Amino acid sequence: GDVAVAAIDRLFDSVAAKDFERRAASTLSRAGIVRAGLEELLRAVLAERVFFLYALSAPAAERVRERFTSDLAASLQLTVRTERPDASEAFYRTAADFTANGTIGALLDWVVDPAGRSQKQMIDILSDLLPRWLVDAPLK
């Protein structure tokens, strides 16, 4: 469990840093930024698929899912604050938690059982399911 949690923390440190760089550079559309982030997240998880399959079958599987979700939610709160600066604290937390739980749930289920869905299909599906204000909003 502890090794998996440490690996997830490292993964999100890297993915979040690159996402913030993309947002600051603003050279991509909002949809492009979101898509690039999803591609990077899926690539990182697939690169360690065997590890994640083991971690998700171990007794600490729930802890691994919870940490993965909480790490994504924490980084999403910063994104939500940027995209919706006038929203309430309750909105920031709820939007980040809602988006993280759905994204990580679908992603980890796909890692365990792709069910014929390719990486590109998963990116397309996840992009379509994300809130429109996050994906389609004009760049600031």
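Residues are numbered from 1 along each chain as its sequence is written, and side-chain values use heavy atoms, with hydrogens and water left out. Because the model is predicted, local features need pLDDT of at least 70 and side-chain atom pairs count only at pLDDT 80 or more, while totals for chains, interfaces and linings use all residues.

**Exercise 1. Describe how helix 2 packs against helix 6.**

Step 1. Helices (H or I, at least four residues) are DSSP runs, numbered from the N terminus. Helix 2 covers residues 30-47 and helix 6 covers residues 119-129.

Step 2. Axes are lines fitted to C-alpha atoms over the stretch in contact, and angles run from 0 to 180 degrees between N-to-C directions. For helix 2 and helix 6 the angle is about 135 degrees, and the axes are 10 Å apart. That makes helix 2 oblique to helix 6; angles under 35 degrees count as roughly parallel, over 145 as roughly antiparallel, 65 to 115 as roughly perpendicular and the rest as oblique.

Step 3. The crossing of helix 2 with helix 6 is right-handed. A crossing is right-handed if the near helix is turned clockwise from the far one by less than a right angle, and left-handed if anticlockwise.

Step 4. Contact means heavy atoms within 4.5 Å. Helix 2 contributes Arg35, Leu38, Glu39, Leu42, Arg43 and Leu46, which meet Gln119, Lys120, Met122, Ile123, Asp124, Leu126 and Ser127 of helix 6. By class, this contact has 6 nonpolar, 2 polar and 5 charged residues. Here Ala, Val, Leu, Ile, Met, Phe, Trp, Tyr, Cys and Pro count as nonpolar, Asp, Glu, Lys and Arg as charged, and the others, Gly among them, as polar.

**Exercise 2. Describe how helix 5 packs against helix 6.**

Step 1. The axes of helix 5 and helix 6 cross at roughly 165 degrees and come within 11 Å. That makes helix 5 roughly antiparallel to helix 6.

Step 2. This crossing is right-handed.

Step 3. On helix 5 the contact is made by Thr103, Ala106 and Trp110, and on helix 6 by Gln119, Met122 and Leu126. The classes are 4 nonpolar, 2 polar and no charged residues.

**Exercise 3. Describe how helix 3 packs against helix 5.**

Step 1. Helix 3 (residues 49-57) packs on helix 5 at an angle of about 105 degrees, with the axes 10 Å apart. Helix 3 and helix 5 are therefore roughly perpendicular to each other.

Step 2. Arg49, Phe52, Leu53 and Leu56 of helix 3 meet Leu108, Val111 and Val112 of helix 5. This contact divides into 6 nonpolar, no polar and 1 charged.

**Exercise 4. Find how many aromatic pairs there are, and describe two of them.**

Step 1. Rings of Phe, Tyr and Trp (its six-membered ring) pair if their centres lie within 6.5 Å; planes under 30 degrees apart count as stacked, over 60 as edge-to-face and the rest as tilted. The count by this rule is 3 aromatic pairs.

Step 2. The ring centres of phenylalanine 51 and phenylalanine 52 are 5.6 Å apart with planes at 75 degrees, so the pair is edge-to-face. Phenylalanine 52 is buried at 2% relative accessibility, and phenylalanine 51 is partly exposed at 24%. Buried means under 20% relative accessible area, exposed over 50%, and partly exposed in between (1.4 Å probe, protein chains only). Ring pairs link Phe51, Phe52 and Phe68 into a cluster.

Step 3. Phenylalanine 91 and tryptophan 133 form a tilted pair, 5.6 Å centre to centre with 50 degrees between the planes. Phenylalanine 91 is in helix 5 (residues 89-112) and tryptophan 133 in helix 7 (residues 132-135), 42 residues apart.

Step 4. Phenylalanine 91 is partly exposed at 27% relative accessibility, and tryptophan 133 is partly exposed at 23%. Leaving aside neighbours within four places in sequence, tryptophan 133 is in contact with Val80, Glu83, Arg84, Phe91 and Ala95.

**Exercise 5. Is aspartate 71 buried or exposed, and what is it in contact with?**

Step 1. Aspartate 71 is in helix 4 (residues 61-83). At 16% relative accessibility, aspartate 71 counts as buried.

Step 2. Apart from neighbours within four places in sequence, aspartate 71 is in contact with Ile8, Asp9 and Phe12.

Methods
Helix = DSSP H or I, 4+ residues; strand = E, 2+ residues; numbered from the N terminus.
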